[in-house]
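Take a look at the model first, then work through the steps.

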Amino acid sequence: MEALLTSLADTALAEWVRLSRWGYAAINALHVLGIALLIGAIVALDLRLLGWRKRLPLHELGRLLQPVAIAGLLLAMVTGALLFLADPSGYAAMPLFVLKLALIALAIANALLLNLGPGLANATPRRLRVAGLLSLLLWPTVLLAGRMLAFVDG
């Protein structure tokens with residue numbers, strides 16, 4: 001594993017991310033934008049799943065917000081991978097980073113189980129509430145873990 005991490009750190013792209021002040025700043029800004037799109041769309045949809053604003057048709061709200069959340073997630077993942085290149089061994093050694101990745105996997109699994117299973121239109125109200133609550137707990141925790149990475153060693 002260490003050999004793979006070292007190989008990643010030795011790439012030209014990794015060197016550029018480490019040494020380019022404006023490149024790193026731009027990637028970081030795009031990462032924050034991706035997170036904002038993801039969390040903004042997800043929180044609104046999760047609140048509806050929990051029963052808030054029941055007058056808003058869930059299916060229509062999902063059709064509006066899910067693509068925004070997916071675009072945000074993809075942007076955050078691509079830029080997060082680029083940021084990882086700045087110090088692959090350092091990030092991989094941080095338990096908080098590993099926890100963040102595990103939480104992301106759980107949050108994505110929660111969304112996939114709902115959408116590839118019954119979907120928003122056919123899920124029971126209980127299933128919608130459970131999915132919304134899990135998502136509302138997981139995604140902000142991912143956000144907090146990510147922010148803490150910048151300030152906490154280990």
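**Exercise 1.** By class, how many nonpolar, polar and charged residues does the lining of the second largest pocket have?

*Solution.* Before we start, note that this is a predicted model, where local features need pLDDT of at least 70, side-chain atom pairs count only at pLDDT 80 or more, and totals for linings use all residues. Residues are numbered from 1 along each chain, and side-chain values use heavy atoms, without hydrogens and water.

Step 1: a pocket is an open set of points on a 1 Å grid where a 1.4 Å probe fits, with protein on both sides within 12 Å along at least five of seven lines; lining residues have an atom within 4 Å of a point.

Step 2: sort the lining, and you get 15 nonpolar, five polar (Gly goes here) and one charged.

Step 3: look for the main supplier, and you'll land on α6, which gives the most with seven residues.

**Exercise 2.** Which residues lie nearest the centre of the largest pocket?

*Solution.* Step 1: its lining holds 26 residues.

Step 1: pick out H31, I35, G80, L83 and K100, which lie nearest the centre.

Step 2: check the classes, and you'll find 20 nonpolar, four polar and two charged residues.

**Exercise 3.** Is R48 buried or exposed?

*Solution.* Step 1: find R48 in helix α3.

Step 1: R48 is buried (under 20% relative accessible area, 1.4 Å probe).

Step 2: look for an opposite charge: D46 is the nearest such side chain, 11 Å away.

Conventions
Helices (H or I, at least four residues) and strands (E, at least two) are DSSP runs, numbered from the N terminus. Buried means under 20% relative accessible area, exposed over 50%, partly exposed in between (1.4 Å probe, protein chains only). Lys and Arg count as positive and Asp and Glu as negative; His and the chain ends are not counted. A salt bridge is a side-chain nitrogen of Lys or Arg within 4 Å of a carboxyl oxygen of Asp or Glu.
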